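Me: I am new to this structure and should like to go through it step by step. Please begin with the following model.

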Amino acid sequence: MTPKEVLAFAKENDVQMVDFKFLDFIGIWQHFTVPISEFEEETFEEGVGFDGSSIRGWQPIHNSDMLLMPDPETAKIDPFVQASTLSLICNIIDPITKEGYTRDPRFVAQKAEAYLKSTGIADTAFFGPEPEFFILDDVRYGSSSNESFYAIDSVEGIWNAGREEFPNLGYKPRHKEGYFPCAPTDSMIDIRNEMVKVLQGAGIRVEASHHEVATAGQAEIDMRFDSLMHMGDTLQWFKYIIKNVAVRNGKTVTFMPKPIYGDNGSGMHCHQSLWKNGQNLFAGDGYGGLSREAMYYIGGIIKHAKALCAFTNPSTNSYKRLVPGFEAPVNLAYSNRNRSASLRIPVTTNPKSKRVEYRTPDPSCNGYLAFAAMLMAGLDGIENKIDPGDPLDKDIYGLSPEELKDIPSVAGSLEDALRSLAEDHEFLLKGDVFTLDLIEKWIEYKTESEVNPVRMRPTPMEFALYYDC
């Protein structure tokens, strides 16, 4: 829509409020609202001022003024606000230079798409993430100088098989058996269907939904692939809608990668392909029906995977999921059909569907940054003709240590990922897509605000192991 069309759309929908949404440095949507009387066509040109020093990882207080520039193409009616509310996703602009802000994740995604076109390799990068999540009934947690705890619960949790529920009707999915029995064992079909309908109402195309492997309401809803930045927008709407549908049903959703011990964590497998002039550049006559460009793209992902983890798996909790020998793919190998490889080539006979699925990422990531980083790694592979080596068509989980010794793996901790990013980021700086300022701030923020606090705190498990030492 154009700005004029947005105003007409607002009038047609009797809009009373306008909500400006933008993504902070880490990946959480922020917003503020103005009455429709304060919204006009000039808003799209003049922007709306706000305090950038109050946003995590952004401006210092002595240089805090920033501008929100609403994108008219993102206009939607917010499905959860009682008063009819127009929602607009915004870009962040420096009020002095009028240039995009280097730490605005959406600006990074825009620059990644521009860089892709400038290379002449392709004109469009498609991404299709599969974010998994848990639908829970209760969550409690706390951490202070003398105590630390968390407790989550779900009516589906197998640990509640013996709980008095007056009556307890059973049908609790056992650990690793949630994929995917029918109701009544799958008790979440109605709430997932409601989520799908709200997603569709917001213009998001949904391909499938189902219970996932874990007990306690693990779920997956798959969206139709889209271009990089648009999928970044869609992923934000996806999380917003999933969480709010859960809350209005008296439940809570988490996209934490590993909220439950002893069962599968939540990943976000990312399907990706490059297109030019309407043709899928990943379709070819090589292994798995892929082209040479697709193989080089895989080579780039493998080469830079540890650094990529800083953006694709950006939480300390991410590495509770990425443990060698368990369910998450940590071994940097590619294979046709093989889900134990970190890079899978889905089986399809349709050239338009040829793609690479990177299975390491998780839904705690900032989508704009994660998609842009994966694209830049893949492009580096194509530009430098990085050979990914031979495919690995064996069950990697069943290989011996001797067979595994030459297979590289992803980062083993957030600290490891940030160290790798500090050493390997030149590929991200091409085209000024990522800036050194952004990378240095990302490493600093993640280290000081997440790695160090987690590293310094004792855990209940440590008391169980060591209190009597």
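Me: In the hairpin of β1 and β2, which residue takes a positive phi?

Reply: This is a predicted model. Strand β1 (residues 17-23) and strand β2 (residues 29-35) pair in the antiparallel sense over seven bridges. Five residues stand between the two strands of this hairpin, and the residue with a positive phi, near 135°, is G27.

Me: Which residue of β2 is the bridge partner of M17?

Reply: The pairing of β1 with β2 is antiparallel. In β2, the bridge partner of M17 is P35.

Me: Are D19 and K21, whose side chains meet in a salt bridge, buried or exposed?

Reply: The N to O distance in the salt bridge of D19 and K21 is 2.9 Å. A residue counts as buried under 20% relative accessible area. D19 has 4% and K21 has 2%, so D19 is buried and K21 is likewise buried.

Me: Through how many residues does a hairpin join β8 to β9?

Reply: Strand β8 (residues 138-143) and strand β9 (residues 148-153) form an antiparallel pair with six bridges. In β9, S148 is the bridge partner of S143. The hairpin that joins β8 to β9 runs through four residues.

Me: How many residues apart in sequence are the parts that D153 and R163 tie together?

Reply: D153 forms a salt bridge with R163, and their closest N and O atoms are 3.0 Å apart. D153 belongs to strand β9, whereas R163 lies in the loop between β9 and α4, so the parts tied together by this pair are separated in sequence by ten residues.

Me: Which residues are linked with D153 and R163 in a network of salt bridges?

Reply: R163 is partly exposed, with a relative accessible area of 33%. The network of salt bridges links D153 and R163 with E165 and K172.

Me: With which residues is F180 in contact, leaving aside its neighbours within four places in sequence?

Reply: F180 lies in the loop between β9 and α4. F180 is partly exposed, at a relative accessible area of 46%. Leaving aside neighbours within four places in sequence, its contacts are with H210 and H211.

Me: How far apart in space are the C-alpha atoms of F180 and G398?

Reply: In sequence, F180 and G398 are 218 residues apart. From C-alpha to C-alpha, their separation in space is 24 Å.

Me: What distance separates the end C-alpha atoms of helix α4, and what span should its residues have?

Reply: Helix α4 (residues 189-201) has 13 residues, which at 1.5 Å a residue should span 18 Å. The expected span is 1.5 Å times one less than the number of residues. The distance between the end C-alpha atoms agrees with this span, at 18 Å.

Me: Where on α4 do its buried residues lie, and which residues are exposed on the other side?

Reply: The buried residues of α4 are I191, R192, M195, V196, V198 and L199. They cover an arc of only 165° around the axis, which puts them on the same side of α4. On the other side, the exposed residues are D190, K197 and G201.

Me: Against which elements do the buried residues of α4 pack?

Reply: Just after α4, G203 takes a positive phi of about 85°. The buried residues of the helix pack against β7 (124-136), β10 (206-211), β11 (218-223), α5 (228-248) and β13 (252-254).

Me: Which residues does F434 touch, not counting residues up to four places away in sequence?

Reply: F434 is among the residues that touch the most other members of the largest core. With residues up to four places away in sequence not counted, F434 touches V108, F311, L369, A372, A373, L428, L429 and I439.

Me: How many residues are in the other core, which lies apart from the largest one?

Reply: Its members include A333, A341, L399 and I407.

Me: In which helix do R419 and E415 lie?

Reply: R419 forms a salt bridge with E415, with the closest N and O atoms 3.9 Å apart. R419 is partly exposed at 42%, and E415 is partly exposed at 34%. The two residues are four residues apart, about one turn of the helix, and both lie in α10.

How values were computed:
Residues are numbered from 1 along each chain as its sequence is written. This is a predicted model: local features need pLDDT of at least 70, side-chain atom pairs count only at pLDDT 80 or more; totals for chains, interfaces and linings use all residues. Side-chain values use heavy atoms; hydrogens and water are left out. Buried means under 20% relative accessible area, exposed over 50%, partly exposed in between (1.4 Å probe, protein chains only). The arc is that of the directions from the helix axis to the C-beta atoms. Contact means heavy atoms within 4.5 Å. Two strands pair if DSSP finds at least two bridges between them. A nonpolar core is a set of buried Ala, Val, Leu, Ile, Met, Phe, Trp, Tyr and Cys residues joined through side-chain atoms within 4.5 Å. A salt bridge is a side-chain nitrogen of Lys or Arg within 4 Å of a carboxyl oxygen of Asp or Glu.
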